[in-house]
Amino acid sequence: MGRRVAAPEDRTAMDVDISPLIENWQFILTGLGFTLSLSGLSIVLGVGIGLVCGVMRTYGGSLLDTAIGLYVDLLRSIPVLAILVWTYFAFPLVIGESLTPFSGGVLALGVHLGAYVTEVIRAGLTSIRPGQMRAALALGMSPLQAIRTIILPQALIRMLPPLGSLIVIAVKDSAIASVIAVPELLRQSQVLAGKTFRPFEIYTAAMLIYFLICYPTARTIDQIYRRFAPLGAS
Amino acid sequence: MTFDWSVVWDNRWRLISGAEMTIVLTATTMAVALPGGLLLALLRLSPFRVVRSFTTGIVEFFRATPLILQIYWIFYVLPAAFDIRLSEFATALLGLSLNVSSFNSETFRAGIQSIRPGQWNAALALGMSKPQVLHKIILPQAMLRVLPALASTWVSLFKDTSLVSIIAVADLSYVALKIRSETYRVLEVLTAMAALYCLMGYPQAKLVDWLHRRLKVAE
């Protein structure tokens, strides 16, 4: 049977037909896989950058503070879209090496997220009273040891709520990678909507899938925080 | 690879008009989303359970799905499924306003709930009606407290307006991406686009940081 290519006016206002979704479930699942791996890797990269930059900015002296501050302010004042297209289209011209959409997406989203994570880590670290650092040093710990065993464990618990929102934001921002043709959920939905002329069913399904990822994630992190919040108090 | 930056200067008026659109869209959206957010926040504090759950559902839904998808949804689904045709600008404004209203409503709700319940009780005991208490006692204090959070939302919104370029609203991103495809000066144009956003966004971000420090609540 041929595809229905009905003009919008031929249709009654709401005839919902979910068969394009059922027929193309694998296509959508591939997109979901890319959404999860893209946001997962960009979170790993972002948290890695944020941890290193956050610690260096807090304890590394004024020169590092200024340099990292510049990175943070720069990336926080440019839209993700601009960072994505710049990384994918312009950055290869600088390095003379082309990027795949996926690696460009991970790089752009990770470096962007890293700026926000840096600030969260810094706020968390500075919220621990300086007396604790001095006490640890007085006991003969090295600064790194003190950060790793005394400061960070407490700070991480306090950082959970903002880090949780950043994780949800990372999943949502991964949809913007559709503009550089990463075949993630939104991109796959666009392709499918174009092929089947069923934008309502397909975009609504995509919306529900994003909601089913983001909402439980946010709630779970809230629960974890409530469970552990007393450990972060000092 | 040689770079030719004159392409940026030659197209300066188009870029500036794009930047104007970005600012207009940000300001218009915020003008809609402030009352919109307040309304949603008040509905979430309503005594009727149905109203509360319905509003909560809407707010949570808009907060937990990507804005870019919301814009697509409105752009493709309203005309196809409901036969509602809006201009690109109206579509963009609707999408951004719904999204930002949801975020603002959480901000307002937090602000309203941060005022100690004793103040409600005291005002009610003095014989004021509930709307009076809200209007005269609670909101004036809550507004000041939520100002930094609203300002942060403003900066996010300013950046998020770039997403409307996908539905051909002639904002800074759209204009820049168009110049890029006309001239093939990819690096120059995209760098100029990022720089322009940064130039406009940076002072706003600094202002927000200042507001956060200045209006820090100590109760």
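Modeller: Two residues are in contact here if their C-beta atoms, placed from the backbone, lie within 7 Å, and the model we are reading with that rule is a predicted one.

Colleague: With that rule in hand, how many residues of chain B are in contact with chain A?

Modeller: On the chain B side there are 35 such residues, and they meet 34 residues of chain A.

Colleague: Which helices of chain B each supply at least two residues of the side that touches chain A, and which gives the most?

Modeller: The helices that do so are α3 (49-63), α4 (67-82), α7 (130-160), α8 (172-183) and α9 (186-214) of chain B, with α9(B) giving the most, at 11 residues. By residue class, the side of chain B that touches chain A comprises 26 nonpolar, five polar and four charged residues.

Colleague: How should I read the confidence, and what pLDDT does chain B average?

Modeller: The general idea is that where pLDDT is low, the predicted coordinates should not be read in detail. In this case chain B averages a pLDDT of 91, with 98% of the residues scoring at least 70, while the model as a whole scores ipTM 0.89 and pTM 0.89.

Note on methods. Residues numbered from 1 in each chain as written. Chains lettered and ligands numbered in written order. Predicted model: local features only at pLDDT ≥ 70, side-chain atom pairs only at ≥ 80, totals over all residues. Helix = DSSP H or I, 4+ residues; strand = E, 2+ residues; numbered from the N terminus. Nonpolar A, V, L, I, M, F, W, Y, C, P; charged D, E, K, R; others polar. pLDDT = per-residue confidence, 0-100.
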